[in-house]
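Subject: Structure for your review

Dear colleague,

I am handing over the structure below, and my notes on what was found in it follow directly after. Please read them with the coordinates open beside you.

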Amino acid sequence: MTVTTVTPPSRPAGSPVLAEEPRRRGGALRRLLPLLPALVLLVIFMAGPILWSLYISFTNETLTGSASVDSRFVGLENFVKLFGDDAFRNSFLLTFVFVIGSAVIGQNTLGLFIALLQRGRGRVVRSVVNGVVIAAWVVPEVVAAACWYSFLSEEGTLNEVLAFLGLSQDWLFTAPMLAVTLANVWRGTAFSMLVYSAALSDVPGDLLEAAAVDGASGWRRFTGVTLPLIRRSILSNLMLITLQTLASFGLIYAMTGGGPGTASQTTPLYMYDQAFRYFEIGYGSAMALVMLVIGALFSLVYLRLIKVET
Amino acid sequence: MTRAAARAAALVALAVIALAFAGPFVWVLLASVQPEAGLTAKPSLDFSFRNFAAVLNWETIYQPVINSIVISGATAVLTVVVSGLAAYPLSRYKLRYGRHFMLTLLFTTGLPVTAIMVPVYSMFFRFNLYGSIPAMVLFLAASSLPFAIWMMKNFMDGVPVSLEEAAWVDGAGWVRSMLRVVWPLMAPGVAVVAIFVFVNQWGNFFVPFVLLDAPEKQPAAVTIYTFFSQYGAVAYGELAAFSIIYTTPAVVLYIAVNKYLAGSFSFAGSVKG
């Protein structure tokens, strides 16, 4: 999921949507016909699973045993179990740490920092920095996980560098959350950087110059002029990266598998474990529903933040 | 701090950032061409393409990459056709619920697809679709649609209605004017959407991992994970070579559409619908 929406030259203001309807139009139904395939797909494969999760999270659906052929309605049992489940609470806390650490603090701050540093730099510097940062973003997540696995493992590159300081250790074992957080910062910073580069290019230069003439320091110009002007971009960027990070699965799964033990088992990994290793589909769906509700809340906040012109 | 000092500090900071981001890549690039590669990115003078030769076989590379091409390609084509159709009434007519529909789509793009994989799996299992590549492609297309429709509609808004009016005067209905006038004029946009969807699905690991049953159906994203978890600790050089072969198409395609995507990030702040 990305926010990229490519802007074509927009329709001249004031021009009517349709000057004249096609002559052989046949009523509203026929005009809506092209929407039909999209609606069918969205209803079956997007709305369907969401409604289905609503249903099965109230059943004891499993893939094995008697409940697999004959699942029954169990009311709120799954949810009661969920909120009393220490492993779920642990996973939820880890997800929170992961989102705050890698998205809100890591990607967001680093992205803004790089975008600020790049302002006014030469073409070569910008394209080199953009190049490596975006490369980390374009690489598929399993490859990113392989890169970081080898970078952080016991005989990996980082330990070679740190060996002479006596700091080498098996990072994936001693600090799994730090490892996956760093990997996710590495992979996701490009997005925030691109959002902020665009936002900063809309900050009028003469405003900053005027502030400089008035004697405002670099920091004052940043907090007094730049930040208020890009406030909206910051908020919507935070919503989007939170949504992306919340559901992150492949990177963590390939790097640590949630381990050691459950030390890096975020909610998507715990859900996977329950649903596909212990075949507790009903229970897994209850978790899915909780994640969907959280996602929906963030998505609604995002919708309120952006200006949608129609 | 003087201006020159500030400038130097910024350049140093950028250099450190660039090096830090390049760091994790170093191992892959070095290990892929070193016959005795270990986890350490230790440069040696040995150089060979033996690792590439070792993975270039049917099970490891060819079949998974063909699967990836089929799955990502079919998803991209289906998404483009369906979203191209859907964008037409949304762009051309004043629909009563048009705005609501577009906002709902935008809302949907925010929902975590990972979260619905358990119910999707359960649904696929119930309806005997588990392990079916066509059924999975339909799901992938549906999950790509909300965003694709947004992009398509924006591109279509850029095609002047006056050009279509000329076609109507000649007696063409909406089908003809869409096929002959609108779509050709927005060809770059169509390509961007297609490549965007393709690249996203190329990297998609979780969905095929959950919905496909047999190794010979899996795309490269899953095969590389299997390879990594099985031989990752021994065959580093081969894993690195595999990673490079698998990553290259995504990078090339990204560079191809980079120009078109460049100006688009201001949309985190406002969206035109």
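I begin at a contact between the two chains, bearing in mind throughout that this is a predicted model. On the chain A side, Gly295(A), Phe298(A), Ser299(A), Leu300(A), Tyr302(A) and Leu303(A) of helix α16(A) meet Leu103(B), Leu106(B), Phe107(B) and Gly110(B), which belong to helix α4(B).

The crossing in which α16(A) passes α4(B) is right-handed.

Within chain A there is a further helix pair to look at, formed by α6 (residues 123-138) and α10 (residues 176-201), whose axes come within 7 Å and cross at roughly 115°. This crossing of α6(A) and α10(A) is left-handed. The residues that α6(A) brings to the contact are Val133(A), Ile134(A), Ala136(A) and Trp137(A), and they meet Trp186(A), Arg187(A), Gly188(A), Thr189(A), Ala190(A), Phe191(A) and Met193(A) of α10(A). Here the division is into 8 nonpolar, 2 polar and 1 charged.

Also in chain A, helix α7 (residues 141-152) has 12 residues and reaches 16 Å from its first C-alpha to its last, which is close to the 16 Å expected at 1.5 Å a residue. Is this helix, α7(A), buried or exposed? Since 12 of the 12 residues of α7(A) are buried, the helix is largely enclosed by the rest of the structure. The buried residues of α7(A) include Glu141(A), as well as Cys147(A), Trp148(A), Tyr149(A) and Phe151(A).

Turning to chain B as a whole, I find 12 helices and 1 strand, and, read along the sequence, the pattern of chain B is α-α-α-α-α-α-α-α-α-α-α-α-β. Of the 273 residues in chain B, 51% are buried. Among the contacts in chain B with a separation of 6 or more, 73% are accounted for by residues 24 or more positions apart.

With kind regards

Terms used. Residues numbered from 1 in each chain as written. Chains lettered and ligands numbered in written order. Predicted model: local features only at pLDDT ≥ 70, side-chain atom pairs only at ≥ 80, totals over all residues. Axes fitted to C-alpha atoms, helices over the stretch in contact; angles between N-to-C directions. Helix = DSSP H or I, 4+ residues; strand = E, 2+ residues; numbered from the N terminus. Left-handed = near helix turned anticlockwise from the far one by under 90°. Contact = placed C-beta atoms within 7 Å. Nonpolar A, V, L, I, M, F, W, Y, C, P; charged D, E, K, R; others polar. Expected span 1.5 Å × (residues − 1). Buried ≥ 20, exposed ≤ 12 C-beta atoms within 10 Å, placed from the backbone.
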